[in-house]
Amino acid sequence: MDDKLNGKDKLNLIVETGLQLVPYVGGALATAYFGTKQEKRFKRIESFYQEFSDQVEQLQLQLPSVDFHDQDKLISLIEELNEKVERESTEQKRTYFKKYLYSTLSSPTNDNFDERRFFLEALATMTLLECEVLLYIKEQNNPVRVGSLSKPEIDLYAIVGSVGRLRMNGFIRLQNDNIIINGGDDSLNDSFVVSDFGNRFIQYCIE
């Protein structure tokens, strides 16, 4: 039997040791963190697949045979998906992951494999605000000016940052070419529409 610690075990040991160093609360914090961490992750995975199975049955959705896929690629995507589901604490994002799983199982994994991996990575790192902004821009069917976006108790520049990340991922594209005058910040006047790539992401992961 190999008693050597692997990289993940070493990291957990370092984290546990570090937490215990926190004055006054360290011991209790380490116990709480490691006592619930694995349990929560296992429950997320268990409930994720149970809910997914229930939805497929209730909606009478048809899924092709596993032989329909490149099984190595399919397993690779599911492994990555499982890791992200385990870490995801928000119910809405786990709902999006279920849509991702259904889309993945519905068509051959030979088709656009790299794009599917990109969608999964992007979805895992996106905030709910970014998802909301992306859907809002799509629903308008017209260019949306950044300065017109607002949400109660959300700083406008948090929305500006969300727009920037969506643009960086290629999900939205600039519709106008604004000129910055006298060094001012004209980002609020930029208008965006959802790109074709963004529409594919929405259809695959969200809608």
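In the predicted model described here, helix H6 (residues 128–140) and helix H8 (residues 196–205) pack at an angle of about 115°, and their axes lie 11 Å apart; the axes are lines fitted to C-alpha atoms, for helices over the stretch in contact, and the angles run from 0 to 180 degrees between N-to-C directions. That angle makes H6 roughly perpendicular to H8, given that 65 to 115 degrees counts as roughly perpendicular, under 35 as roughly parallel, over 145 as roughly antiparallel and the rest as oblique. Residues are numbered from 1 along each chain as its sequence is written, and side-chain values use heavy atoms, with hydrogens and water left out. Because the model is predicted, local features need pLDDT of at least 70 and side-chain atom pairs count only at pLDDT 80 or more, whereas totals for chains, interfaces and linings use all residues.

The secondary structure of the chain comprises eight helices and three strands, where helices (H or I, at least four residues) and strands (E, at least two) are DSSP runs numbered from the N terminus. Along the sequence these elements follow the pattern α-α-α-α-α-α-β-α-β-β-α. Of the 207 residues of the chain, 34% count as buried, a term that denotes under 20% relative accessible area, with exposed meaning over 50% and partly exposed in between (1.4 Å probe, protein chains only).

Helix H3 (residues 71–87) has 17 residues and reaches 25 Å from its first C-alpha to its last, close to the expected 24 Å, the expected span being 1.5 Å times one less than the number of residues. Within H3, the residues Leu74, Leu77, Glu80, Leu81, Lys84 and Val85 are buried. They cover an arc of only 140° around the axis, which puts them on the same side of H3; the arc is that of the directions from the helix axis to the C-beta atoms. An α-helix has 3.6 residues a turn, so residues three or four places apart point the same way.

Helix H7 (residues 156–168) has 13 residues and reaches 19 Å from its first C-alpha to its last, close to the expected 18 Å. In H7 the buried residues are Ile159, Val160, Ser162, Val163 and Leu166. Seen down the axis of H7, these buried residues fall within an arc of 160°, so they line one face of the helix.
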